[in-house]
Amino acid sequence: MKRLFILCISVMLMASCLEETNPEFDQKSFTKIYDNNLFSINYFPIDMVQTADGGYLILGGRRLENSNFTGIYLMKADKDGNFVSDVEVEEGFVNPIAQLAFINNTYQFFCMDPLTLQVHLAQTDANLEAVNIAPVNGELFYPCAAQVDGNSFVLLSYNHVDKRSVLAVLNANGTVSQSQAFSIGAGEQVEEPLINHFIRTGRQYPFEAGRIPGGLYYFNGFYNYTFSLVFTNFNQDDPSGVVQGIQDDGGLSAVRPLSATKFAAARFNFGDNYLLPNVTLNPNGISSSVDLAGNTLPELEPDAHVKILRTTINNKNVLVYGSNTRSKQIGLYFYDEATGIFITSKYLGFSNPFEIAQVISTDDGGLAVCGTTYVAGRFPRICLIKLHPDDLEKVK
Amino acid sequence: MKKLYLLPCLLLLAGLTFGQAPKKSGASFTNPAQAKKNSFLDKQWWLGFKAGINLSQVAVEKRYSALSPGNYDASLTDKAYNDFSNLGSQATLEVTFYYKGFSFSLQPGFRQSAFTYSNNYEWTDPGNADNRLELNYQNEQKIDHAEIPLIFKYDIIGNKLRPYVQVGVYYGFLINANKTVEVSGTDYASGGVNEFRNDPVIIGAKDLFAKNHWGLLGGIGANYNLGNVRLNLDIQYRKGMSLVNSTENRFGSDRLSGIGEAMDDMKLNNLVFSFGCLFPMRYLASGFKTLDQR
């Protein structure tokens, strides 16, 4: 009888170890590459959000036949990462920028009219059934970067008439409530890299805009001939504080405020890259990014594109740095938010080149990384890599 | 699904308990010596070794791919499996208890299964016929399992040549797995017709396969008595009843998912051919041989 009992237990244990088709695993971790069998199609991701149904909405750009600017591409994937639908927005609107924000129950982002260069606010829904685009209520041109602050947007744009970087606060309807303009400097040469950025014939600058929680507003962009981090309270013509770069050879490649003076940042300096997960910046004074120490990562490509995510993984508050390596992988670097101490790293992609566009936290406490891969080594295609917290077990 | 496991479990239980049933004494023999001899001849233990080849067939439960197409049907790039076309091998230790024509056999062994599939992709340009690339991915999987089959056999006729039929269950434990990917194609966009074949990439793929699996088996075979040794030819069809791939680690290999490769949910069926020899474990006396020589 005892032998029979042991046998029963053994058989049950063996049965419990067997594999079954499990839909839960399908959404836990996956790698998806959104292919298109057209030889010359070129979609690239800009930003991504997870929708309420667990799926993913990707804002992307596309090459246009009749314009130097970037067209607008939107794509929906389901919770398993499978392609659901996409929209190629008409060529009358171009230059979409991050952030793709969920505000007033719609997904919104900024773009512009290629003829008037006026900034427009686009709205869509989780299923991409309609895309409505309307001009913002204010003279804003060339959108560079945007971020949500409560129910408002903080938008950095470029005024080509006055050659000024313009930081503005807009409500969800696109009406400007505050704005301030800052000169980028005089002369045609100052503007050239900016225009090359917009038509994607030159370097893509890490423009950012945002607000220190409850405090000053900031933008990372051109100011006074230099790519700088500029703080403002909108009340004074001059910035409250500036973290200067070195023309466009040095500056911050990403910045995320953690408190009034504490930031998670990354900087570039003549091709070198430094990650600064716990850096103190003075928003009310002038300093230089060159003086900031940081973790040198020679594995990153020169002047690497860097994304910073502040999130909680496995009950630990962490800063996730996502960037591109020289070996054409996406590198994720995890730091303790409280101390800035390095925790672990993870590399995504192999065989074909992979480049990061955005990293977000997901409903299950994991991460989703959106980027570009080159199928067959040549065709740029959007990819989405989902990581479950179990895949990030070293983050503790 | 778990309920389905009860059937083989019960079969396994019944087999083991019956196979180890206590001896029953004969009740109505008139000649005690003859009765003892007959009783002895009713039973035998056999120990032996078998080895051979196997061919695999994949039964797809659900298809997966890391490539999610936006403008063409995903089925166009489905994996095309080549069933029963790749040779695997196996080696088995056999322990069999024979009782009045019926046998219960435990056959722990090692089995390497191999199967292949291919994917085809094509990129074209409606505006320029020269802008075209065709790619073919050939994937070969070799999976090593330790298996414990429990088999019930029935000898159809009892002679020097003893054909039998058999049914049973088996449980497998993953030992190792490798995957070889070979990419070939034709590039029409480089100024001519460029046919190429890249060196195969061999990847350790143990994490991509299930740690355990089970299945049912049935088959035929024959024993041939050669002196005290029994030669055995055995043919089995093994039907996988649980998935052989890992559902959780489907995208666990960056090397594979990076090229759009992800394993389907699949069960593995095998056609197994073995040849071996068996030795009797019980002898009555020096002049008396095995029960098969009555």
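**Fold, interface and cores of the predicted model**

Chain A has three helices and 29 strands. Its radius of gyration is 22 Å, close to the 21 Å that the globule rule gives for 396 residues, so chain A is as compact as a globular protein of that length. The model is predicted. Along the principal axes, the C-alpha atoms of chain A fill a box of roughly 90 × 45 × 40 Å. Of the 396 residues in this chain, 46% count as buried. Among the contacts in chain A with a separation of 6 or more, 47% are between residues 24 or more positions apart.

Chain A and chain B touch each other. The contact takes 45 residues from chain B and 36 residues from chain A. On the side of chain B, six named elements give two or more residues each: helix 1 (2-19), strand 1 (43-62), strand 5 (109-124), strand 6, strand 10 (212-226) and helix 3 (254-257). Helix 1 of chain B provides the largest share of this side, with seven residues. By class, the side of chain B that touches chain A has 19 nonpolar, 15 polar and eleven charged residues.

Leu135(B) is found in strand 6 of chain B, which covers residues 132-155. Leu135(B) has 19 other C-beta atoms within 10 Å. A buried residue needs 20 or more, so Leu135(B) counts as partly exposed. Gly48(B) is 87 residues from Leu135(B) along the chain, and their C-alpha atoms are separated by 48 Å.

The nonpolar cores come next. The largest nonpolar core holds 132 residues. Leu155(A), Ala265(A), Ala266(A), Val320(A) and Val369(A) touch the most other members of this core. Strand 29 of chain A, residues 379-387, gives the most to the core, with six residues. Val320(A) can be followed in more detail. With residues up to four places away in sequence not counted, Val320(A) touches Leu309(A), Thr311(A), Leu332(A), Phe334(A), Val359(A) and Leu367(A). A second core is separate and has seven residues. Among them are Ile151(B), Tyr170(B), Trp214(B) and Leu217(B).

Terms used: Residues are numbered from 1 along each chain as its sequence is written. Chains are lettered from A and ligands numbered from 1 in the order in which they are written. This is a predicted model: local features need pLDDT of at least 70, side-chain atom pairs count only at pLDDT 80 or more; totals for chains, interfaces and linings use all residues. Helices (H or I, at least four residues) and strands (E, at least two) are DSSP runs, numbered from the N terminus. The radius of gyration is taken over C-alpha atoms; the globule rule is 2.2 Å times the number of residues to the power 0.38. A residue is buried if 20 or more other C-beta atoms lie within 10 Å of its own, exposed if 12 or fewer, and partly exposed in between; C-beta atoms are placed from the backbone. Two residues are in contact if their C-beta atoms, placed from the backbone, lie within 7 Å. Ala, Val, Leu, Ile, Met, Phe, Trp, Tyr, Cys and Pro count as nonpolar, Asp, Glu, Lys and Arg as charged, and the others, Gly among them, as polar. A nonpolar core is a set of buried Ala, Val, Leu, Ile, Met, Phe, Trp, Tyr and Cys residues joined through C-beta atoms within 7 Å.
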